[in-house]
Amino acid sequence: MRIPTLAPRQALKHFLIVATAFGVSACGSDNDDTPLPDPEPTPEILSYDVMLEGNQEVPMVETEQSAMASVTVNETDMMVMAEMDLSEVDGVTSAHIHSGEVGTNGPVAFGFSDADENGVWEIENESITSEQHEGLLSGQWYINVHTDSFPDGELRGQLLTDTQSVHVFTLSGKQEVPGVETDAHGQGYLLHDSDDDALTLNVWTWDLTATAAHIHHAEAGINGDVVVGLEASTDTEGLWQLPSDAVLGSDAITALGMANLYVNVHTDAHPEGEIRGQILPANYSLVLFDLSPGQEVPRIDSEATGLGYATLNTGSGGLRLNAWAMNMETSAAHIHQAPIGENGDVAIGLEESMDHDGLWQTPENTALDADTQTLLLSGGHYVNMHSESFPNGEIRGQITPAPWDVLAFSLSGSQEVPALDTQAEGDGYAMVNTVAGDIMLVVHTRNLDTASAAHIHAGIAGSNGDVVVGLEQDEGSVSTWRLPADTSLDMETLAQLLDAGHYVNVHSPENPGGEIRGQILTPMHVMFPLMLSGDLEVPMVETSASGQGAFTLNTHTESLRGAFTTSGLTSTAAHIHQAPAGENGDVVLALDATDEGYMVPADTMLTDELEAIMLDGGHYVNVHSAAFPNGEIRDQIDL
């Protein structure tokens, strides 16, 4: 017999009241003096509705799939039953109830039967021990769904009482104030029981050697005092936990519910903190974004930069946003309403902090209605910071929730292959969903009213490639081109685009092959234009030969890509050498020959040392020929 789900989301205790009626004869019965039997004991039933998602997996899983399960426990008979509809989940291989606290993996306690014809998986009348029962009451049971894509588990949900809640969060260098560029990252899982304010916290870190970790008190984008120190696990590398005797005061518990606590992990390299994670209740969203001159419409030339941190309470609509400006004297700052690559009206004016130079914040008690929340979480707002030098805005940052990334790039004739001398130019702006592949892109051109077509092409910097998707000209402006609505890329194409493997090309009747072009770059990419000539050789070479192209360097992955064409020479080899301008140096990397010139070999990765030297202008490209075996044309690799 299946016991139905008896409660909504959180676990509730129910008592089944059984009414028993007894018939009694009016007279003459031999049983008049027979005592009535004791009624059957009323079973005590615990009932749970469990939401399963990828973010409770350890480590977390990025997935758009989810599921719901119902679990009932008869505490009188010590039996468990469960039901889970996985008909809409792809690739399910098995499902279990496991024993394990939040943020840790544990052994299987009970297995679900295979799906019935409706895709429903079940556990029928399994006995539980008193130890398992105690673990259940303390939040140490979870359901795990395994799939072909994630054999260790794609969907997980902790079984919780109505007083328990789970807070999951990520840790990154970007959440530090100021942000830290690091490969280190982490994930945190916290269980809070409001009945007695008991806390269980497990924080996992990767790619760093931590010296300390703490919970601090401050909202996102602000640094705050230590509340309690965490302890490194003696059994598991990279795991930090609350001390067993740790007690958080009422102020800290209140801050926890308002997303005003964070975990900070310190290292020798970054003693103030290398990775940080805001502890988020389930109804809070955290949005991190960069501000740059390149996101301004039109883009401007400035050394200013900025960082934005925002938390949104999706229940109340409460918004807190902290935006920091560096290398500029800010005169005003606002939140504006408009998508990427467009200018829009002011929605909220920011206030300058009295405590921190360069910090601008939303006014106290700022709240958004439901429609505005939806628009903000879909990337429909941006922060603009103004200065006297740039009254329309010196730096701008689209407020883009994960997993969206913002890409900004310029278009010019010099990026065409071969390069063109033209007065036309342009600015490109894109938002890319790095999980689903959705992409929004807009290009604004200048001095190119005769543009006849525009496309995204596949091709690394310095080389030409095939069309991937066409852009549409705006009905109201001949200088604006957009991707069609609802454009999405497959994962392979998306990976190439995010590694600077695509470009936008705008064509004209005068230059049908393309008049201006822009390599699509992420904020981690830098591009080095190349114009090779004999004049740059040491000593100078008198030759009519030349070369043109570009390299791109991903400063996060240290991946180097790019190509260049040559003309007017019969070359024998080409290399990247290490030496500053005006000097000769040793070969660092041999380049691969192509029909038109040379390219960086596939999957080329630089060491940290070589990356630093290249960013400092310490490498050059040299093309050798039989006439000039030491090099006929050369260019320094610099910005």
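**Figure 1. Lining of the second largest pocket in the predicted model.** Strand 21 supplies the largest share of the lining of the second largest pocket, namely 4 residues. The pocket has a volume of about 380 Å³. Of its 22 lining residues, Glu 219, Arg 320, Pro 363, Glu 364 and Asn 365 are the closest to the centre. Two or more lining residues come from each of strand 20 (305–313), strand 21 (319–326) and strand 24 (351–352). By class, the lining comprises 7 nonpolar, 10 polar and 5 charged residues. Here Ala, Val, Leu, Ile, Met, Phe, Trp, Tyr, Cys and Pro count as nonpolar, Asp, Glu, Lys and Arg as charged, and the others, Gly among them, as polar. On a 1 Å grid over the protein atoms alone, a pocket is an open set of points with protein on both sides within 12 Å along at least five of seven lines, a cavity is a set where a 1.4 Å probe fits but cannot get out, and lining residues have an atom within 4 Å of a point. Grid points are joined across faces, edges and corners, and a volume is the space filled by probe spheres set on the points. Strands are DSSP runs (E, at least two residues), numbered from the N terminus. Residues are numbered from 1 along each chain as its sequence is written. Because this is a predicted model, local features need pLDDT of at least 70 and side-chain atom pairs count only at pLDDT 80 or more, whereas totals for chains, interfaces and linings use all residues; side-chain values use heavy atoms, with hydrogens and water left out.

**Figure 2. The largest cavity.** The lining residues divide into 4 nonpolar, 3 polar and 1 charged.

**Figure 3. The largest nonpolar core and the surroundings of Phe 112.** The largest nonpolar core has 26 residues, of which Leu 52, Val 71, Met 84, Phe 112, Trp 141, Ile 143 and Leu 159 touch the most other members. Among the elements that give two or more residues to this core are strand 2 (44–52), strand 3 (67–74) and strand 8 (141–147). Such a core is a set of buried Ala, Val, Leu, Ile, Met, Phe, Trp, Tyr and Cys residues joined through side-chain atoms within 4.5 Å; buried means under 20% relative accessible area (1.4 Å probe, protein chains only), exposed over 50% and partly exposed in between. Leaving aside neighbours within four places in sequence, the contacts of Phe 112 (heavy atoms within 4.5 Å) include Met 84, Ile 97, Trp 121, Ile 123 and Ile 143.

**Figure 4. An aromatic cluster of Phe 551, Phe 564 and Tyr 598.** The whole structure contains 3 aromatic pairs. The ring centres of Phe 551 and Phe 564 lie 6.4 Å apart with planes at 55°, so this pair is tilted. Phe 551 belongs to strand 38 (residues 546–554) and Phe 564 to strand 39 (residues 560–567), 13 residues apart. Both Phe 551 and Phe 564 are buried. The rings of Phe 564 and Tyr 598 also form a tilted pair, because their centres are 6.0 Å apart and their planes at 35°. Rings of Phe, Tyr and Trp (its six-membered ring) pair if their centres lie within 6.5 Å; planes under 30 degrees apart count as stacked, over 60 as edge-to-face and the rest as tilted.
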